[in-house]
Amino acid sequence: MQTPPFSPKLSALVIERPLAKRSLLVELLKELAFSVVIETHSVDTALDCMGMAAFDAIFVEVNSRRDGNFLFIRRVRLNRTLNPRVPIIVVSSNLHRDVIERTRDVGANGFLAKPFSRAAVQLQLVRISNDRREFILTATFAGPDRRRWNDPTYCGPERRLGDKADVLIG
């Protein structure tokens with residue numbers, strides 16, 4: 001897999017508690033085109049960082065479905081001053097279905113499973129760079145459009161409850 005054609009001045013924010021995993025991800029991001037990588041272990045510090053700079057990608061560690069970092073993602077998505085359209089990748093060793101579904105439901109762009117490899121990080125970067133999805137904002141959801149394709153022959157009911165709400169796409 002080739003390195004994606006990124007601008008040399010990209011910045012990322014990494015929110016991860018364990019220092020060893022955080023350091024590994026930071027080094028991989030620097031190798032893969034990010035000239036500025038800010039790292040923190042808490043979402044409170046991350047919010048302060050977001051208030052001072054715009055990031056091209058955010059990597060957020062989560063441990064369980066109840067993890068407060070999901071609230072951080074939702075807060076970013078619903079706050080117009082925090083760059084709600086920034087690509088957000090969830091990093092987790094918890095691969096249970098409920099965690100992955102919650103990742104989708106809070107509006108994250110992708111999921112990076114631990115232990116991760118250089119190729120896995122690179123794949124996430126290629127996806128957020130080359131496969132940008134439209135941003136959806138409804139009363140119940142803010143994030144990338146999850147629909148993979150629209151079937152022109154489908155004549156049934158709407159496929160998600162949020163489709164009945166006012167939708168801002170763009």
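Glu101 counts as partly exposed because its relative accessibility is 27%; partly exposed is the band between buried (under 20% relative accessible area) and exposed (over 50%), found with a 1.4 Å probe on protein chains only. Arg97 is exposed, with a relative accessible area of 65%. The side chains of these two residues, Glu101 and Arg97, meet in a salt bridge, 2.6 Å from N to O. A salt bridge here is a side-chain nitrogen of Lys or Arg within 4 Å of a carboxyl oxygen of Asp or Glu. Side chains of opposite charge can pair when their charged atoms come close.

Both Glu101 and Arg97 belong to helix α4, residues 97-105, where they sit four residues apart, about one turn of the helix. Helices (H or I, at least four residues) and strands (E, at least two) are DSSP runs, numbered from the N terminus.

## What you are looking at

This is a predicted model, in which local features need pLDDT of at least 70 and side-chain atom pairs count only at pLDDT 80 or more, while totals for chains, interfaces and linings use all residues. Residues are numbered from 1 along each chain as its sequence is written, and side-chain values use heavy atoms, with hydrogens and water left out.

## Salt bridges across the chain

How many salt bridges does a search of the whole structure find? The search finds six. In one of them, the side chains of Arg22 and Glu39 meet at 3.1 Å, N to O. This pair links distant parts of the chain, with Arg22 in helix α1 and Glu39 in strand β2, 17 residues apart. Arg22 is buried, at a relative accessible area of 10%, whereas Glu39 is partly exposed at 37%.

Glu61 and Lys114 form another salt bridge, and their closest N and O atoms are 3.2 Å apart. Glu61 lies in strand β3 (residues 57-61) and Lys114 in the loop between β5 (110-113) and α5, so the pair ties together parts that are 53 residues apart in sequence. Is Glu61 buried or exposed? Glu61 is buried, and Lys114 is buried as well. Together with Glu16, these two residues, Glu61 and Lys114, are linked in a network of salt bridges.

Helix α1 (residues 19-31) packs with helix α5 (residues 118-130) at an angle of about 60°, and their axes are 10 Å apart. Axes are lines fitted to C-alpha atoms, for helices over the stretch in contact, and angles run from 0 to 180 degrees between N-to-C directions. That angle makes α1 oblique to α5; angles under 35 degrees count as roughly parallel, over 145 as roughly antiparallel, 65 to 115 as roughly perpendicular and the rest as oblique.

Which residues meet between these helices? Leu25, Leu28, Leu29 and Glu31 in α1 meet Arg118, Val121 and Leu125 in α5, where contact means heavy atoms within 4.5 Å.

Thr40 has its place in strand β2, residues 34-40. Thr40 is buried, with a relative accessible area of 5%. Leaving aside neighbours within four places in sequence, Thr40 is in contact with Leu13, Val14, Ile15, Glu16, Arg22, Thr45 and Ala46.

Ser129 is found in helix α5. Ser129 is partly exposed, at a relative accessible area of 29%. Ser129 and Pro87 lie 42 residues apart in sequence, and their C-alpha atoms are 9.0 Å apart in space.
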